[in-house]
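Good morning, everyone. Please take a moment to look at the structure on the screen, and then I shall guide you through it.

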Amino acid sequence: MKLQGEDLGKPRDESPPASKTVLAKSHAWTGRSGGGYFGYWIFIMVLRVLGLWGAYLLLVPVSFYFVLFAPGYRKASMEYWRRQYQRSPLLCLIYAYRHFYSFGQVLVDRVGIAANPERFQVEEEGLSHILAAINEKKGLVLLGAHVGGWEVAMSFLAKRNVVVNVVMFEGEEAKVRQLLEKNVRLGQVQLLSVSGSPEDSLTAIAALKRGEVVAMHGDRTLGGRTVKVPFLGAPAAFPLWPYALAAAAKSPLIHTFAARKGMYRYGFKAWPVIHPRLERSEGKNEPLREYAESFVSHLEEFVKDFPFQWFNFYSFWKQE
Amino acid sequence: MEDLIKDLKRRLVANLQLDRSPDEIDTDAPLFDEGLGLDSLDVLELVVMLDRDYGIEIVNMDEGKKAFVSVRGIAEYITAKKASS
């Protein structure tokens with residue numbers, strides 16, 4: 001493991017504002033990660049000196065701290081485990097600990113990937129679906145979720161000659177911008193900040209009409225209209241906007257998730273293209289329901305295969 | 001133009017399932033916010049509707065944004081497009 005100090009900070013290509021040093025960037029680290037600047041700094045130091053294994057070791061007490069002192073996250077995690085496995089609260093609590101640890105690993109890996117991408121091996125399945133769709137130049141809606149390491153998928157696209165717009169809700173922006181900027185390879189990735197307004201829809205269509213990729217998560221409702229679909233046995237709200245967007249722009253849509261599969265190993269899967277259509281004169285939300293259901297079935301498949309890589313740490317089944 | 005506006009209002013109410021009759025729609029009211037109150041999904045339905053019912057595909061979204069100010073704005077956009085095609 002050779003995560004040299006220089007490697008962490010040095011830009012790896014010519015994209016100018018993208019990197020500086022990771023430490024300098026971390027001033028803006030205000031995300032939900034408890035511990036703030038100091039905690040982040042310690043992780044960077046450990047990563048530099050001891051490498052990935054050292055940082056993972058540090059996750060052991062940190063995850064334990066979260067189990068004890070982050071009741072909101074703990075509750076959300078335990079609810080997930082209850083629905084996933086229907087086990088006792090004690091077992092769910094132990095799973096919650098491993099859950100936080102697994103989340104930490106992906107966060108640590110992010111820094112590692114940004115610093116030293118060659119070291120990581122990414123297995124792909126279905127990348128050809130994405131490349132074929134991009135070549136058609138009709139735009140592409142890439143639909144992921146808060147699972148595994150979505151930015152791994154982004155790094156695939158960054159090497160291609162295509163503009164990728166990552167949709168995020170206002171407020172998430174600063175956090176995600178920082179995350180993306182740290183990955184200096186993401187030359188053509190830009191952010192599309194949305195507030196749920198009608199103008200957002202027109203902006204997103206415009207990007208698709210230019211043949212660009214619009215990437216977003218299909219497990220956040222973003223305050224827009226939703227449909228309730230059973231997920232792990234109970235109805236949860238999923239957004240309809242991604243499918244309506246693809247229909248309006250006549251763009252293909254692809255589900256894609258990436259998972260951490262082991263030390264320096266990620267797997268990335270893209271499902272075959274679908275072409276959502278918005279039919280008239282049925283119940284208002286119903287024409288799009290089938291697309292949300294199909295997404296949820298793939299999402300369920302993912303969390304059955306990689307149960308510890310579900311990263312929605314809030315009461316997922318209660319959002320409207 | 002008046003026929004087109006009438007037709008548009010009727011289709012808007014039917015497709016977007018608005019809680020009002022076509023006659024109650026103010027031709028010059030804004031489509032979004034305090035006017036008709038269309039949301040981010042409605043506007044996508046509107047784009048699909050223009051394509052399907054009027055054969056108008058909005059390629060340039062800057063034009064689209066100008067058209068989507070009111071029912072009259074859309075009607076004028078359709079008329080201009082039909083005239084130029």
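This is a predicted model: local features need pLDDT of at least 70, side-chain atom pairs count only at pLDDT 80 or more; totals for chains, interfaces and linings use all residues.

In which sense do strand 3 and strand 5 of chain A pair? Strand 3, residues 164-169, and strand 5, residues 213-217, pair in the parallel sense, over three bridges.

Let us now step back to the sheet. Seven strands of chain A form an open sheet, and their order is 1-9-8-2-5-3-4, with mixed pairing. At the edges are strand 1 (121-125) and strand 4 (189-194), each of which pairs on one side only. From one strand to the next, the twist averages 25°. Chain A as a whole has 11 helices and nine strands.

I turn next to A:Val214. Apart from neighbours within four places in sequence, A:Val214 has contacts that include A:Val141, A:Val167, A:Leu192 and A:Leu208.

A:Val214 also belongs to the largest nonpolar core, which has 97 residues. A:Val214 is among the members that touch the most others, together with A:Ile205, A:Tyr243, A:Ala244, A:Leu245, A:Ala248 and A:Ala292. Why does this core lie between domain 1 and domain 2? It does so because domain 1 (5-115) and domain 2 (121-307) of chain A both give residues to it. A second, separate core has 12 residues, including A:Ile44 and A:Val108.

Finally, consider the chain overall. Of the 320 residues of chain A, 43% count as buried. In soluble globular proteins, nonpolar side chains tend to be buried together.

Technical notes:
Residues are numbered from 1 along each chain as its sequence is written. Chains are lettered from A and ligands numbered from 1 in the order in which they are written. A nonpolar core is a set of buried Ala, Val, Leu, Ile, Met, Phe, Trp, Tyr and Cys residues joined through C-beta atoms within 7 Å. A residue is buried if 20 or more other C-beta atoms lie within 10 Å of its own, exposed if 12 or fewer, and partly exposed in between; C-beta atoms are placed from the backbone. Domain bounds come from an automatic or database domain assignment. Two residues are in contact if their C-beta atoms, placed from the backbone, lie within 7 Å. Two strands pair if DSSP finds at least two bridges between them. Helices (H or I, at least four residues) and strands (E, at least two) are DSSP runs, numbered from the N terminus. Axes are lines fitted to C-alpha atoms, for helices over the stretch in contact, and angles run from 0 to 180 degrees between N-to-C directions.
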